[in-house]
Amino acid sequence: MVVAALKPQDVQKLTVVKLRAELEKRKLDSSGTKPILVARMKEALEERDEEEEEGKGGKDADAKERVKSEEAEQTPATEEEDAKGNELETTTTTFENKEEETTTTTTTNDDEIMDPAPSVETDEDIDPAFDAHDDGANPIVKSNRLTNARKILRRNPYDATAWDVFFVEARGRPSVAKDVFEEILRYHPRCVNAWIAYAQNAMEKKDDEAVSEIFSRCLRDVLAPELWLVYVNYAKATNENGTTEEGARAIKAAFEYCVDHVGEDVESGKIWEEYVDFVKGVSPGFIAPTGAQPEQYETARMMELRRVYQRAISVPTQSLESLVTDYEAFENSYDKKFARTLLAESTPKIFACKTAYKEREALNAALFEGLGYDLRVHKNGIAVGDPVHTTKAADCHLDAFRRFIAWEKTNPQKLEAVGIVSIAAAKKAAADKLEEEPPRVRERIALAYEKCLLTCENYPEVWLEYSHWHESAGRAGDAAEILSRARIVLPGSIMLLLAAADLEESQQNFEGMKAVYESYMGSYEEKREAEKAAAGGEGTIVKMMDDDTSVVYAEYIRACRRSDSQASSRKAFLRARKAPGCSWLVYAAAALVEWRYDEADKPCRNVFELGLKTYMDVPAYVLTYTNHLISLGDVGNTRVVFERALSVGKPDVSIFDAFVKFEHEYGSYESFRAAEIRRSEFLEPSAAASMIDPGIFSRMTVAKLVANVFERHNFIPDVAPLRSESLSHYAKLGVSSIRKHIAMSVASGKKEISRPKPPPPPKAPKGAPPPPPKVVSAEAPSSSALHDAKTTTAPRAAPPSIGLSALPVVVAPHLPETLRELFNKLPGPVAFAKMPAPRVDAVLDALKNADLTIEGKAELLAQMQGKDTRPQSMGSKRTATQMMTPDMMTGGEPSSSFRMPTKDVFRERQSKMQKASAEYQ
């Protein structure tokens with residue numbers, strides 16, 4: 001690239017080699033990674049442009065010093081990275097090559113990450129979800145790449161490419177790797193790759209206390225075989241690989257702990273192999289039962305090894321084939337006769353396990369299809385999204401997990417419950433608990449759910465499915481534990497909170513139900529009080545609580561009345577009233593509970609009136625109150641409430657609309673005309689005052705008149721006072737009430753969305769006979785039937801000599817749009833009306849008697865060229881009649897493909913019609 005033509009915006013496209021060459025030409029520092037080189041080059045080019053514009057010279061030395069000083073200020077970690085030599089460059093080679101070779105879409109993402117130049121952000125672009133876990137307890141590692149990655153993550157907290165920068169940074173800078181891993185785990189606490197790298201980093205530093213703390217934090221929540229294998233290997237290393245009895249027993253306990261938690265996973269084959277190798281290689285006395293004699297040590301190890309083998313070959317894993325082969329060799333090495341008996345009993349189970357493995361491995365491989373480049377990151381624990389930041393790939397990922405879990409629930413290996421020894425006992429167990437699965441099946445289903453949570457923990461519906469599975473099998477305690485974990489992971493999910501309260505109420509645990517609600521309300525009240533104190537105490541403007549919190553307080557009032565008493569419900573309402581930023585929904589819920597549960601009319605009205613003092617300007621509250629009064633038939637008080645709401649400040653349009661509708665249904669002509677005029681004066685000023693185009697103003701007036709007539713007489717909501725065909729016209733005119741009516745009809749399924757009508761079929765020509773009637777089958781049409789339907793869209797024309805009047809045409813089913821356009825472009829039947837009737841029999845005979853082999857075609861061509869010596873124009877083609885013999889054309893030889901019927905009714909009718917036509921001529 002020519003130096004003079006190089007622009008700052010083109011610097012990012014250069015490779016590392018070219019960047020260093022350009023910097024060396026300018027006698028600038030060429031060391032560092034690509035982000036540093038890009039920043040240095042951009043500043044040099046900008047400095048050159050400024051010098052050219054200002055016409056100043058002799059500033060090369062000052063520019064160099066300024067570039068170096070600004071670089072030192074912007075990238076404090078540069079000196080540390082340069083001191084490491086090429087270590088960081090080696091770790092980032094893959095990422096930089098990916099940036100240079102990927103497509104335009106991927107390059108855009110990488111450029112945003114790698115470009116050290118600051119980008120302009122607005123408050124709307126920043127997503128608060130990224131900062132939700134930032135408690136400030138751990139220091140934030142600063143570097144150009146991490147800074148730009150954080151900017152991307154503030155817009156999309158689940159950008160896997162941006163998170164990959166954190167892993168690269170942690171691997172390249174071991175001194176700050178702990179802080180980088182802690183930052184990753186604040187947002188992705190189940191990230192398998194981060195936990196493994198974090199533990200290995202602590203192992204390299206030989207910090208056993210840190211390693212133990214890491215494993216204690218992650219093992220129970222992250223049920224991934226890769227992580228547990230690291231834990232087992234660490235246990236072996238710290239216990240001298242089982243060279244002592246104490247160490248061997250500790251390692252064996254670690255293996256048992258591991259296979260009990262992740263041993264049923266399809267990817268746990270490596271763990272089983274290492275467990276078998278450990279039992280084979282350890283001293284038999286170290287793992288023998290307590291009290292065993294030395295001569296019994298070898299037998300004890302053989303029995304322990306057989307137990308581990310039999311358990312391992314019953315799990316469909318990638319190592320199943322090798323484990324089965326080793327197990328057969330192990331049994332044959334002791335007693336071949338006894339081995340044949342054992343292997344014969346195990347063969348059906350092994351066969352079922354192998355069959356299940358094929359299906360299980362296919363379903364497991366499909367879990368991460370469609371994630372593309374993100375597969376490498378997401379498979380290691382980076383969450384795929386949440387209901388707000390979901391993608392098509394995330395939806396496919398969730399559906400794949402649901403298929404995998406549903407397959408596990410079918411018990412494909414037909415595993416039996418432990419302890420059932422007879423058919424009668426099995427039937428009794430099935431009658432007692434229809435939904436109970438065998439323990440190992442239950443373990444596999446739970447493991448599948450836990451595996452799903454590694455990447456989908458931010459979707460509340462996954463936790464709900466997991467909890468419901470336990471609840472449907474009668475394990476309410478396990479279901480409550482799942483929801484408790486879910487509320488810790490997603491403290492802002494109201495769905496999980498309400499599900500937990502419902503579960504406690506279903507178990508008649510009313511105190512537990514109240515505790516669920518009160519835990520949320522208590523944390524909310526403490527948080528708002530702390531905000532109030534920080535803002536200056538008394539006199540601070542209190543923000544109204546959000547809808548989620550309002551729903552929690554309202555449902556708490558309902559739950560107290562439902563499960564306890566009226567006094568408990570009123571006590572809950574008093575607490576909700578005193579909550580900071582109490583919402584109108586609290587008053588509405590408390591009032592309606594009084595009426596619907598106890599039919600207490602006066603307390604209900606008192607609560608509504610109490611709330612009306614504060615929420616008169618809230619349309620939703622006013623309409624809730626008026627709807628309640630209308631349901632009681634209290635028309636007078638309803639009108640009074642409307643008048644009070646419309647007289648305060650600037651009322652909302654929805655209150656005017658509700659008032660007009662109320663007058664239409666319950667008032668006189670004079671009252672609803674007055675209401676319409678009030679609404680019109682409030683909404684639409686005069687054309688002169690509003691500077692509206694007279695034509696547009698006239699259109700608005702027409703829409704208003706139509707709306708008035710429509711609303712007055714739309715007494716039954718399902719029946720419009722206009723023809724249904726004309727509704728779309730008036731909706732386009734701008735009549736809002738008609739638009740709402742159409743939307744409600746479509747939503748309820750009473751009206752289909754209007755679609756353009758297909759073009760009419762081509763008309764039959766004059767004299768065309770009627771097409772044969774179509775035989776409609778109840779079964780699905782075959783491909784040939786569909787082809788016939790498409791080809792018969794335009795009916796064929798008969799010779800013009802037949803003077804029949806056109807009969808009604810049987811219209812074929814609607815064709816797809818593409819085929820319909822194609823057939824409309826084809827010539828109609830009239831174009832073939834003057835052609836002679838085809839001799840179908842002759843054509844069939846010619847095809848039947850022809851030799852269609854390669855030799856036959858060559859002979860036929862030679863024969864035709866020898867017979868036909870007439871000169872032909874360049875490019876002319878031989879017609880079908882030229883390839884037929886004279887006998888075929890004259891019909892002197894009977895057709896071999898056609899046999900004359902005994903009585904040909906069709907030919908007799910055609911003959912009579914020809915005679916009648918000749919007589920009239």
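A nonpolar core is a set of buried Ala, Val, Leu, Ile, Met, Phe, Trp, Tyr and Cys residues joined through side-chain atoms within 4.5 Å. The views below show a predicted model.

**View 1. The largest nonpolar core and its most connected members.** This core holds 84 residues, of which Tyr517, Tyr553, Ile557, Phe608 and Tyr621 touch the most other members. Helix α23 (residues 439-456) supplies the largest share of the core, eight residues. Apart from this core lies another, of 79 residues, which includes Val324, Leu342, Ile382 and Leu454.

**View 2. Surroundings of Tyr621.** With residues up to four places away in sequence left out, Tyr621 touches Trp584, Tyr587, Ala588, Val607, Phe608, Glu609, Gly611, Leu612 and Tyr615.

**View 3. Packing of helices α30 and α31.** Helix α30 (residues 584-598) packs against helix α31 (residues 601-612) at an angle of about 170 degrees, and their axes are 7 Å apart. Angles over 145 degrees count as roughly antiparallel, and α30 and α31 are therefore roughly antiparallel to each other. From α30, the contact is made by Tyr587, Ala588, Ala590, Ala591, Leu592, Glu594 and Trp595; from α31, by Asp601, Pro603, Cys604, Val607, Phe608, Leu610 and Gly611. Eleven residues of this contact are nonpolar, one is polar and two are charged.

**View 4. Helix α13 and its cover.** Helix α13 (residues 225-238) reaches 20 Å from its first C-alpha to its last. Ten of its 14 residues are buried, so α13 is largely enclosed by the rest of the structure; among them are Trp228, Tyr231 and Lys236. The cover over the buried residues includes α11 (192-204), α12 (208-218), α14 (245-262) and α15 (269-281). Glu240, which follows α13, has a positive phi, near 55 degrees.

Conventions: Residues are numbered from 1 along each chain as its sequence is written. This is a predicted model: local features need pLDDT of at least 70, side-chain atom pairs count only at pLDDT 80 or more; totals for chains, interfaces and linings use all residues. Side-chain values use heavy atoms; hydrogens and water are left out. Helices (H or I, at least four residues) and strands (E, at least two) are DSSP runs, numbered from the N terminus. The expected span of a helix is 1.5 Å times one less than its number of residues. Buried means under 20% relative accessible area, exposed over 50%, partly exposed in between (1.4 Å probe, protein chains only). Contact means heavy atoms within 4.5 Å. Axes are lines fitted to C-alpha atoms, for helices over the stretch in contact, and angles run from 0 to 180 degrees between N-to-C directions. Angles under 35 degrees count as roughly parallel, over 145 as roughly antiparallel, 65 to 115 as roughly perpendicular and the rest as oblique. Ala, Val, Leu, Ile, Met, Phe, Trp, Tyr, Cys and Pro count as nonpolar, Asp, Glu, Lys and Arg as charged, and the others, Gly among them, as polar.
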